[in-house]
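User: I am new to this structure. Please walk me through it in short questions and answers.

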Amino acid sequence: IIIFTITIIVMMLATILSKKTITDREKSSPFECGFDPMNYSRLPFSLRFFLIAIIFLIFDVEIALILPMILIIKTSNLMNWSMTSLFFIFILLIGLYHEWNQGALEWNN
C-alpha cells in the first residue's frame, strides 16, 4: 500500500510540474502546409498539388507491390515471374506516359 501511495504521489507531482504555463498562439495552432491557419479557410486551393499527391500515392503503392517480387524470384518459375514483372512495369510506364502526356507533371502552367 505504501508503494502504491508513493507511486500516485510521484505521478501527480510529475503531471503538475510538466504542465506548460505559457501558451503561444502560433505553437498551439496546427501547421497546415505553409498556410496561415488564422486566415479564411475557403481560399482557392491549387488542384496541381492534389494531383501530384495522388500520383505519388499511386506510384508509392506500386513500388510496394514491386519490392516483394524480388523475394519470390527463387521460388517461382522464371518465365512466369519475368512476364508478370514486365507486364506490371509496362502498366506503370503507360500510366507515367499518360500523366506526362496530359501535362500533370509540368509545373510551368
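User: Which residues of α4 are buried?

Analyst: This is a predicted model, where local features need pLDDT of at least 70 and side-chain atom pairs count only at pLDDT 80 or more, while totals for chains, interfaces and linings use all residues. Residues are numbered from 1 along each chain as its sequence is written, and side-chain values use heavy atoms, with hydrogens and water left out. Buried means under 20% relative accessible area, exposed over 50%, and partly exposed in between (1.4 Å probe, protein chains only). In α4 the buried residues are Trp 81, Ser 85 and Leu 92.

User: What is included in the cover of those buried residues of α4?

Analyst: Contact here means heavy atoms within 4.5 Å. The cover over the buried residues of α4 includes α3. In turn, what covers the buried residues of α3 includes α4 (78–102). For α4, then, the helix to name is α3.

User: Which residues of α3 are buried?

Analyst: Helix α3 spans residues 47–71. Its buried residues are Ile 55, Glu 62, Ile 66 and Met 69.

User: How many Å does α4 reach from its first C-alpha to its last?

Analyst: The expected span of a helix is 1.5 Å times one less than its number of residues. α4 has 25 residues, with 36 Å expected. Its reach is close to that, at 36 Å.

User: Is Tyr 97 buried or exposed?

Analyst: Tyr 97 sits in helix α4. Its relative accessibility is 52%, so Tyr 97 counts as exposed.

User: What accessible area does the nonpolar patch with Tyr 97 have together?

Analyst: Patches take residues with over 30% relative accessible area and no salt bridge; like charges are joined within 9 Å, nonpolar side chains (Val, Leu, Ile, Met, Phe, Trp, Tyr) within 5 Å. A salt bridge is a side-chain nitrogen of Lys or Arg within 4 Å of a carboxyl oxygen of Asp or Glu. This surface patch is formed by Ile 89, Leu 93, Leu 96, Tyr 97, Trp 100 and Leu 105. Together they have about 610 Å².

User: Which element has the lowest mean pLDDT?

Analyst: pLDDT is the predictor's confidence in each residue, from 0 to 100. Helix α1 (residues 2–17) has the highest mean, 90. The lowest, 66, belongs to helix α2.

Definitions and conventions: Helices (H or I, at least four residues) and strands (E, at least two) are DSSP runs, numbered from the N terminus. Accessible areas come from the Shrake-Rupley method with a 1.4 Å probe; for residues, only the protein chains shown count as cover.
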